[in-house]
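This report describes one protein chain, part by part. The sequence and the structure come first, and the description follows.

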Amino acid sequence: MTERYTLSVLVENNPGVLSRVVGLFSRRGFNIHSLSVGTTQDTHVSRITIEVNGDAQTVEQVSKQLSKIMEVIKIKTLRDNEIVKRGLALVKVKVTPKTRSEVIEITSVFRANIVDISSNTLTVEITGHERKVNAFLELVEPYGIEEIARTGMTALERGTNTLKLDK
């Protein structure tokens, strides 16, 4: 059965690591749904958060292959009910003098931020779970979306569960 899996991968912060990790997925025929990368509290280590659709056996096999990449430090498959997961979208919405206040109201309801205003567009920054971002997009779509830029989802385990380096 195909499901969405979230993998958290700690890697050495070296040139080419991301290319090797992503290359492994493409060689296996996986389409990465979402990808987010950034340094951790240790500037020598980056966290790669990957969302991928597949079955449990295939995702486990890919995890085993990932662990063979020299710069990969740790890998964990995260469960949706045990994580905090967020993404960011910048959305440029068309507005007129009549619709501007409606779009501002929708933005407010979603606790999003207006980060740029022009005479005929509002650029909105929205963060949250993918469902929240998609719901916002559905509501502003009738006004006209000029442009969208989205990050991949990033995730951390809830509470005291951590994927951290062994010291």
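## Terms and confidence

A residue is called buried when its relative accessible area is under 20%, exposed when that area is over 50%, and partly exposed in between. The sections below rely on these cut-offs when they speak of buried residues.

The model is predicted. Over the protein chain the mean pLDDT is 91, and 96% of the residues reach 70 or more. Confidence is lowest in helix α2, where the mean is 88, and highest in strand β6 (residues 113–117), where it is 98.

## The four-stranded sheet

One part of the chain forms an open sheet of 4 strands, paired antiparallel in the order β2-β3-β1-β4. Its edge strands are β2 (32–39) and β4 (72–78), each of which pairs on one side only. From one strand to the next, the twist averages 15 degrees.

How many bridges join β2 to β3? There are 7 bridges between β2 and β3 (residues 45–54), and the two strands run antiparallel. Ile32 stands opposite Val52 in β3, and Val37 has Ile48 in β3 as its bridge partner. The link between β2 and β3 is a hairpin of 5 residues.

## Helix α1

In α1, the buried residues are Val17, Val21, Gly23, Leu24 and Phe25. They pack against β1, β2, β3, α2 and β4. An α-helix has 3.6 residues a turn, so residues three or four places apart point the same way. After α1 comes Gly29, which has a positive phi near 80 degrees.

α2 lies across β1 (3–12), β3 and β4, and runs at about 165 degrees to β4. Ser63 is found in this helix. Is Ser63 buried or exposed? Ser63 counts as buried because its relative accessibility is 13%, which is under the 20% limit. Apart from neighbours within four places in sequence, Ser63 is in contact with Leu7, Ile75 and Thr77.

Two packed helices are described by the angle between their axes and the distance between the axes. Here the axes of α1 (residues 17–27) and α2 (residues 56–67) come within 10 Å and cross at roughly 145 degrees. The crossing of α1 and α2 is right-handed. Where the helices meet, α1 contributes Val21, Leu24 and Phe25, while α2 contributes Val62, Gln65 and Leu66. By class, this contact has 5 nonpolar residues, 1 polar residue and no charged residues. Val21, Leu24 and Phe25 are also among the buried residues of α1.

## Strand β5 and its partners

Gly87 has Gly128 as its bridge partner in β7. Another 5 bridges join β5 to β8 (residues 145–150), again antiparallel, and Val93 stands opposite Ile145 in β8. The pairing of β5 with β9 (residues 154–157) is antiparallel over 4 bridges, with Arg86 opposite Thr154.

In a regular strand the side chains alternate between the two faces of the sheet. Which residues make up each face of β5? The covered face consists of Ile83, Lys85, Gly87, Ala89, Val91 and Val93. The uncovered face consists of Val84, Arg86, Leu88, Leu90, Lys92 and Lys94.

## Lys92

What does Lys92 contact beyond its neighbours within four places in sequence? The contacts are Thr121, Leu122, Thr123, Gly144, Ile145, Glu146 and Glu147. Ile145 is also the residue opposite Val93. Lys92 and Ile148 are 56 residues apart in sequence, yet their C-alpha atoms are 6.4 Å apart in space.

Note on methods
Residues are numbered from 1 along each chain as its sequence is written. Side-chain values use heavy atoms; hydrogens and water are left out. Axes are lines fitted to C-alpha atoms, for helices over the stretch in contact, and angles run from 0 to 180 degrees between N-to-C directions. A crossing is left-handed if the near helix is turned anticlockwise from the far one by less than a right angle, and right-handed if clockwise. Contact means heavy atoms within 4.5 Å. Ala, Val, Leu, Ile, Met, Phe, Trp, Tyr, Cys and Pro count as nonpolar, Asp, Glu, Lys and Arg as charged, and the others, Gly among them, as polar. pLDDT is the predictor's confidence in each residue, from 0 to 100. Two strands pair if DSSP finds at least two bridges between them. Buried means under 20% relative accessible area, exposed over 50%, partly exposed in between (1.4 Å probe, protein chains only).
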